[in-house]
Amino acid sequence: MDLDERIERRRRGESERALVRDFDVLSPVTHLAEPNGRGPVLERLLDVLDPTFDGQLPGDAYVWGPKGAGKSAVVSALFGLLSEQNSRRRSTILTTTRAVAPPTTVFVYVDARYATSEFALYHDILDSIVEESVPEGGIGTADLRDRLHDELTGSTQAVVAVDHLNEFDTFSTAQVAELLDMSSVAYVAIGRDPPPSASDSPGETIAVDVDETVEVPRYEPHALVDLLTQRASLGLARGALSHPDIREVASWADGDAHDALAAVFGAADHALERGADRLTTADLEPGMEAVPWQSVSLGRVLALPENRQRILLRLLDLDAAAVSSVTAATDALTADPRVGLSATTVKRVLYELAEAGIVKRVETEGDSGLGRPPSRLEPQFPTRVFRRLVDLSGGD
DNA sequence: GATCCACGGGAATACACGGATG
DNA sequence: CATCCGTGTATTCCCGTGGATC
């Protein structure tokens, strides 16, 4: 995933002639260090963060936009760079003999998909601020919070970006605002929902009380084509994907880089399966086919605990009869020793995943008579990408 | 001993249907 | 005809237990 690894792979001469050089580059969960075509957003973010260049604390901000618009890509790249630069600058400040150093700003990027509890949130933030390792248990949440608070007084302040808010199972912006309500902390909340506008009815809008909002619009068609072109040139053999094909995927994806990359990934997977050395238009169809309409972010699926992913992986292998009801799927999955969980747990997890929108329950038509009708299970994430990525890392 | 968290078990509730009841 | 009831599934909800960590 990181550059070192990528270079090393090349050095070993791996898959030099193969159709797919590197699936990771094609993966929608991978963000390149230099995000593509998001210049104006970057400028806006720098405006928001401008006070930090004078040692001030910026206002809280909310970054929003649809799935696949590059929110995570831009913010994580920017924060990565800033924290790198600052740690460099911090070391130079330490060597100068100054009576009072201006407060140092640390930039922290946290993914709320992984930090799902208060404990985990404080832990992850603290972990990227201090050198020592932070305990992962056996200590109270309040203690962690206190420690974070102590760490950020006077000489050090923090700007914390918290990504993927307001999803099922992740914190809301309001919760983050409360949890990070500390004098030396500013946050950049990132989510999909538009901020409530003045004209909104006073309904159940998600409370966002921030000083700045930054909109990340979906990609323009040409920008998405550029992005795909770049990824394809890095991840696929030279000329493996034609320009017209790229344009077709881009237009199909309608500005959503996540879906577009997932489709190209899936197409490459399909071409690989049939032993081809380049992608043809015929590979695109199955590639797009494997990306459900209104697909759930692959990042959400890959953030699930390992055993949930195991269940999903095996679920993909089941035939139509076995996924025709939750109970049938449970039976089939429980019978598979690779799943290794009890029937009740599997069933509960399946319902859990359905409620989270990762699989969809569809009421079956054919009424078999008795009882409440069962529902069929349909995956709502890019299946080919998931299978391939999990198989790559999973082992077994 | 304290703390966080995942498992697992199972009770409680919801729903669909046909048939009985008033 | 409207409503209630019994049966069989599906779905949701809650909580005790135990592993891992400090």
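Leaving aside its neighbours within four places in sequence, which residues is valine 63 in contact with? The legends below start there.

**View 1. Valine 63 in strand S1.** This is a predicted model, so local features need pLDDT of at least 70 and side-chain atom pairs count only at pLDDT 80 or more, while totals for chains, interfaces and linings use all residues; side-chain values use heavy atoms, with hydrogens and water left out. Residues are numbered from 1 along each chain as its sequence is written, and chains are lettered from A and ligands numbered from 1 in the order in which they are written. Valine 63 sits in strand S1 (residues 61-64); strands (E, at least two residues) and helices (H or I, at least four) are DSSP runs numbered from the N terminus. Beyond its neighbours within four places in sequence, valine 63 is in contact with Leu45, Val188, Ala189, Ile190, Gly191, Val214 and Val216, where contact means heavy atoms within 4.5 Å. Its relative accessible area is 1%, so valine 63 is buried (buried is under 20% relative accessible area, exposed over 50%, partly exposed in between, with a 1.4 Å probe and protein chains only). Alanine 161 is 98 residues away from valine 63 in sequence, yet the C-alpha to C-alpha distance is 9.6 Å.

**View 2. Chain A as a whole.** Zooming out for a moment, chain A has 16 helices and seven strands. Of its 396 residues, 46% count as buried. Take the contacts in chain A with a separation of 6 or more: 71% of them come from residues 24 or more positions apart. An automatic or database domain assignment sets the domain bounds: domain 1 (11-24 + 219-289), domain 2 (39-215) and domain 3 (298-380). The centres of domain 1 and domain 3, taken over C-alpha atoms, are 30 Å apart.

**View 3. Helix H9 against helix H11.** H9 (residues 243-253) and H11 (residues 281-289) pack at about 25°, axes 10 Å apart; axes are lines fitted to C-alpha atoms, for helices over the stretch in contact, and angles run from 0 to 180 degrees between N-to-C directions. That angle makes H9 roughly parallel to H11 (under 35 degrees is roughly parallel, over 145 roughly antiparallel, 65 to 115 roughly perpendicular and the rest oblique). On the H9 side, the contact is made by Asp245, Glu248, Val249 and Trp252, and on the H11 side by Thr281, Leu284 and Met288. By class, that gives four nonpolar, one polar and two charged residues; Ala, Val, Leu, Ile, Met, Phe, Trp, Tyr, Cys and Pro count as nonpolar, Asp, Glu, Lys and Arg as charged, and the others, Gly among them, as polar.

**View 4. Helix H10 against helix H11.** Here H10 (residues 257-273) and H11 pack at about 125°, with axes 7 Å apart, so H10 is oblique to H11. Ala262, Ala263, Gly266, Ala267, His270 and Ala271 of H10 meet Asp283, Leu284, Pro286, Gly287 and Met288 of H11. The tally is seven nonpolar, three polar and one charged.

**View 5. Helix H8 against helix H10.** H8 (residues 221-235) and H10 pack at about 40°, with their axes 11 Å apart, which makes H8 oblique to H10. Leu224, Leu227, Leu228 and Arg231 from H8 meet Ala257, Ala260, Leu261 and Val264 from H10. This contact has seven nonpolar residues, no polar ones and one charged.

**View 6. Threonine 383 in helix H16.** Threonine 383 belongs to H16 (residues 383-394). With 19% relative accessibility, threonine 383 counts as buried. Not counting residues up to four places away in sequence, threonine 383 touches Ala290 and Leu316.
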